[in-house]
Amino acid sequence: MMKLYFSAGSCSASCHIAIEETGMSYQPMKVDFDKPDATLAEMERLNPLGAAPVMVSSDGRTLTQNIAILEHIADSNPASKLLAAPGTWERLETMSWTSFVASDLHKAFLPLFMGKSMASTEAAQGEIAEFAKKDIAKLLTYVDGKLANRDYLMGKIFTIADSYLFVVVGWCKWVGVTTEPYSNLNAFMTRTYQRPAVQKALKMQGLLN
């Protein structure tokens, strides 16, 4: 049986949601970096970089990196429609959105999570945080505009890009970034939160509220 190593609330939660969307059988392996145990040690053995997600296939092969795992989950379960068929424009658009979340939006949050590691003074840390928040606001404004008259990034169909977007935008409440100006994005977040697979994944992660 496939295993998925994930950390609650981290980007790996997008893979957890995607798996639940497919209904496939898997073994959830929750790791807590604040409470080292055998599960965390095993994940770090599988991925020496010590980052989640890590997927172990049913035949024992290991895969890391969010986008790769999301794509594998979707392609292993085409009936879920989490990703269009190879060679289609819809697939390219979905992967473009998934890459945007990973390379632009996800990355923009890092200074807010790692400010103390990036600068030694409170003044410098504050400047870094302000820069990051302005960058995030610009990206959220872009996404909000694209979600106008759409349920999800690709229209009516929920995809791996939506799973990733939902998780990353959810970080806003942890770092003091308001989403109040973004009505389309807020509607997307509510709609996604209400999906049964999302509810199930969040409950397993202890994040359902």
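1. In this predicted model, the buried residues of helix α9 are covered by elements that include the strands β1 (3–7) and β2 (27–31) together with the helices α1, α6 (160–169) and α8 (183–193). Helix α9 itself spans residues 196–205, and its buried residues are Ala197, Val198, Ala201, Leu202 and Gln205. Viewed down the axis of α9, these buried residues fall within an arc of 125°, so they line one face of the helix. On the other side of α9, Pro196 and Lys203 are exposed, and the helix is followed by Gly206, which has a positive phi near 75°.

2. Helix α1 (residues 13–22), one of the elements covering α9, also packs with helix α3 (residues 66–76) at an angle of about 0°, the two axes being 10 Å apart. Because angles under 35 degrees count as roughly parallel, α1 is described as roughly parallel to α3. On the α1 side the contact is made by Ser14, Cys15, Ala18, Ile19 and Thr22, and on the α3 side by Asn66, Ile69, Leu70 and Ile73. The residues of this contact divide into 6 nonpolar and 3 polar, with no charged residue.

3. The largest nonpolar core has 54 residues, and those with the most contacts inside it are Leu105, Leu140, Leu165 and Leu185. Leaving aside residues up to four places away in sequence, Leu165 touches Val101, Leu105, Val143, Leu153, Leu185 and Phe188.

Key: Residues are numbered from 1 along each chain as its sequence is written. This is a predicted model: local features need pLDDT of at least 70, side-chain atom pairs count only at pLDDT 80 or more; totals for chains, interfaces and linings use all residues. Side-chain values use heavy atoms; hydrogens and water are left out. A nonpolar core is a set of buried Ala, Val, Leu, Ile, Met, Phe, Trp, Tyr and Cys residues joined through side-chain atoms within 4.5 Å. Buried means under 20% relative accessible area, exposed over 50%, partly exposed in between (1.4 Å probe, protein chains only). Contact means heavy atoms within 4.5 Å. Axes are lines fitted to C-alpha atoms, for helices over the stretch in contact, and angles run from 0 to 180 degrees between N-to-C directions. Helices (H or I, at least four residues) and strands (E, at least two) are DSSP runs, numbered from the N terminus. Angles under 35 degrees count as roughly parallel, over 145 as roughly antiparallel, 65 to 115 as roughly perpendicular and the rest as oblique. Ala, Val, Leu, Ile, Met, Phe, Trp, Tyr, Cys and Pro count as nonpolar, Asp, Glu, Lys and Arg as charged, and the others, Gly among them, as polar. The arc is that of the directions from the helix axis to the C-beta atoms.
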